[in-house]
Amino acid sequence: MVILDLSIVNVALPNIQEGLRFSSADLQWVIDAYAIVFAGFLMLAGRAADLFGQRRTFALALFTFALASLIGGTAPTSGVLILARALQGLGGAGMAACSLAIITSTFAAGPERHRAIAMWAAMNGAGGAAGVLFGGVITDLLSWRWVLLVNVPIGVAAAAVAGVVIAERQARERRSFDLLGALVLTSGLLVVTYGGVTAGSDGWGSASALVPIAIGNVLLALFGLVERRAPAPLVPPKALTPQLKVVNGIVLLFSAAIFPMWFVSSLYLQQVLDLSPLSTGLVFLPMALAIFACASQAGKLSIRAGVRPVLGGGLIMMAVGMLLLSRIGSGGSAVQYVMLPGVLTAMGIGFSIVPSTIAATQSAGAEQAGLASGFVNTARQAGGGLGLAILISIATQYTSHRIGAGQPVSPALTDGFRIAYLIAAGLAATAALLTFAFLPRTAAAEPGVARRRLAPAAIAVLAVFLAVDLGVPRSHAAAIGRYTTKGAMSFVSAPGLHPPKLQLQLPAPAGHALPGYVMVANLYDLNRPKMVGQSGPLILDGNLQPVWFRPAPIDRVAGNLHEQTYEGRPVLTWWEGDVTPTGLINSGEDLVVDNRYRPVATLKGKDGWVITLHSMVIQGHVAWVTANKNVTTNLSRFGGVSSGVFVDSAVQKYDLRTGRLLYTWGATDHIPKSDSHTQPPPNGFPWDAYHINSIDLAPGGRVLVSMRNTWAGYLIDPGSGRIVWQLGGRHSSFDIPSDAKFVWQHDLAMDSSSVVSLFDNHCCEITGAGRYLAAKAPSRGLVLRLDPARQSVTKVAEYSHGTTFHSQYMGDVQNLPNGDVFVGWGQVPYLSAFTKRGKLLLDGAFPEPDITYRAYVQRWIGRPLDSPRGAARVQGGRTTVYASWNGATEVASWRVLAPAAVAVHKKTGFETAIRVDRSLGLIRIQALDTSGRVIGTSKPFRSQSQNG
């Protein structure tokens, strides 16, 4: 429970923040309160077990841990939870110190004790890996509260068993307790640990880190003076044997490598390879099993070969495994990059924890077993805490530096994690050198086994892992636009096109036909990357059949298709680029084509800004767009790290003729970061504090902007940059009634001077790739009336699809010219038409997991420059001619020429199949409009057999 709890709560932090309304700055104390108290009381707990009885102290620690878990699991406020976590740390310190002391005292020196220590170490080592898996399962299936409440029955049962099974042991002589020494030592450890934890967020040069570290070291130095004068010292001088000092130094070093390894691997898998916490836990599962298997055998090997060769060999395996982990890439296979080298590292952990614990406790008598346990556990926790703070700080600083220099996020994160792995490998290698140089040889049952069997076996294991890791080519990230044709549309006459096949689940009734074409762009669900059909802008007719489709390149996806007017001419605009499963935009550009589908303009960001998929609004010869830029800054006051990165979000204006940047309104210049409802990540991963996701041009030259992560819309004056009013969020200018409140919204638009429409997602904070917090309410389209004079809001209408639609991101609402309303449901793969009063008229669905950012209904006349496409297949003496013309909206029927006219057929969908009861030679097809006029002719083609 002790080690498991350190990692299992990490997974639940986003849910805890939402449930108890933690501020970002206070949230980290859910982890830190436990870690600081745990490390601070280890020594005292170990000595208390010696003086007051191991069974009594252990049972009290179990009861304390269970009680704290109950308080934390039922905590009504954030403050209560933090106090409960501190109390948990106190119980955990007693459990950790007493458990090892009980093993040392209960089992006789030799094989029995070694086997017991092996089992203890196996559970200890596997707990960190298992915590991520269990945390994901419990949080997803139950609630964050059960992450804590699950400890209650286990703790109570364990305390009851301990009272019966464990024999009471304590010092034979009742001595006075060294209260002053206990206070000085515990205070010193607490303050030093606090300083180390603070350094991880505020930086090692900050006063908030240096001052407590300095005070803590003074207290620890003072502890030595106190002990010399104490009649019954808490730590007797003879207890600090040379071997114990060496072993604790070794434990401190390799613990400083192990703790960051789990943390870095978890971040890499989720932030770079985009795995969910549950999938990350599954990657860790073989590593946890490897620790358990190797640790359970390490005791036997230590008996046969001696402690030094087993410990040294394990540390070498650990160092080599971490070197192989440093070969990670910015995309590819989690099995290749983490699981395989991680298993080698885990084997090294299993073969290191057991012999080091044996070496630390084997010389301790029964009366000092708790003290020895306290020493080795303190070394482990201090090393792990310092290693975590130092290595993550270095990795974060390097990542932030690379991102600030313009490197994409994933490669920058990978480079930072690689440095952490390399330093960890160096620490493990240094521990191995100390082992062979300073750890004395111990008697072995079979002195030659280390030379004859252990060394060759270790070399063989290393050779196998090195051969596999170095011999197998490096994997790479799958293309963002990867797709399957299963469930997509395919055409004989246009074999390169595979748009998604939408289902018209509820056709529009008579009198409510859509007043135009449906404009969508096939996009991948960020939770399930592989699409059905290609990504690309797609125009659909009223039956949701394709009219025009342009596949995006395989390394990009498309979004936000929209008909607009540019310099008096109708054009289509859409976005193409690279968007990650966490919603970050790595690259992107806006494209403009005319009604003949010829390129008119391509817009790319300037001065380090990246144009995002959220909005492009053309006004004359300029375009208003949304853009992001990654900026390095100190985020410690918001709960992040001192060398953090945040995503500045902006509204920009570009000249479409030249591509020149004309104007930028940046959110960070006008809105405090504390207005965000998201929290900074624990490393250099960019914090998306604002997330501008729509632009609408309002009367008077003003611009209406929606920001998803502040839950607000802003009417801004571009001339002065000031915010005229704010709708929603922490500082709303309007009093919004409960039925009109919205969160995580999209597509805020000004329908008139006093009426706005928006898509109210009411869902959800993204906490990682494929992971979102629970929805607050069903998603809906929303129309609101604003009264700026009275600063009031009235709900005019809402458009809902019942209680089951929870769109995690994206979506839009459009008022149609015929008075109906059209809603694109974003991440929920549906699009719907409603009457003005909210009656559902039309319902269509994308094949899962495809989605579209927005869905518009707009008029469009397309006249492609290229010719119609034709193909023919022959079977049984009959010919089927296939005709299509991508993007042509004026085709009413098709004529088949071979060489004279042999058939005329009404157009049916994107591709029309025309049956002819004979074989044909050279064929052409003609496209006819409603008057029978020829508007296009294909190139000649010949029939192919049905099988050819």
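**Aromatic rings and a surface patch**

Author: Trp548 is buried, as is Tyr597. Please bear in mind that this model is predicted.

Reader: How is a pair of aromatic rings described?

Author: One gives the distance between the ring centres and the angle between the planes. By the rule applied here, the count is 14 aromatic pairs. In one of them, Tyr268 and Phe417 have ring centres 6.4 Å apart and planes at 90°, so this pair is edge-to-face.

Reader: Which parts of the chain does the pair of Tyr268 and Phe417 link?

Author: The pair links distant parts: Tyr268 belongs to helix H12 (residues 242-272) and Phe417 to helix H17 (residues 409-438), 149 residues apart. Tyr268 and Phe417 are both buried. Trp548 and Tyr597 also form an aromatic pair, which is stacked, with 4.8 Å from centre to centre and 20° between the planes. Here, too, distant parts of the chain are linked: Trp548 is in strand E6 (residues 546-549), while Tyr597 is in the loop between strand E9 (585-594) and strand E10 (599-604), 49 residues apart.

Reader: Which residue lies over the face of Phe646?

Author: Lys673 does, at 4.4 Å from the ring centre.

Reader: Is Leu60 buried or exposed?

Author: Exposure is assigned over 50% relative accessible area. Leu60 has 54%, so Leu60 is exposed. This residue lies in helix H5 (residues 54-73). Together with Phe63, Leu67, Leu70 and Ile71, Leu60 makes a nonpolar surface patch of about 440 Å².

Note on methods: Residues are numbered from 1 along each chain as its sequence is written. This is a predicted model: local features need pLDDT of at least 70, side-chain atom pairs count only at pLDDT 80 or more; totals for chains, interfaces and linings use all residues. Side-chain values use heavy atoms; hydrogens and water are left out. Patches are made of residues with over 30% relative accessible area and no salt bridge: like charges are joined within 9 Å, nonpolar side chains (Val, Leu, Ile, Met, Phe, Trp, Tyr) within 5 Å. Accessible areas come from the Shrake-Rupley method with a 1.4 Å probe; for residues, only the protein chains shown count as cover. A salt bridge is a side-chain nitrogen of Lys or Arg within 4 Å of a carboxyl oxygen of Asp or Glu. Helices (H or I, at least four residues) and strands (E, at least two) are DSSP runs, numbered from the N terminus. Buried means under 20% relative accessible area, exposed over 50%, partly exposed in between (1.4 Å probe, protein chains only). Rings of Phe, Tyr and Trp (its six-membered ring) pair if their centres lie within 6.5 Å; planes under 30 degrees apart count as stacked, over 60 as edge-to-face and the rest as tilted. A charge sits over a ring if NZ of Lys or CZ of Arg is within 6 Å of the ring centre and within 35 degrees of the ring normal.
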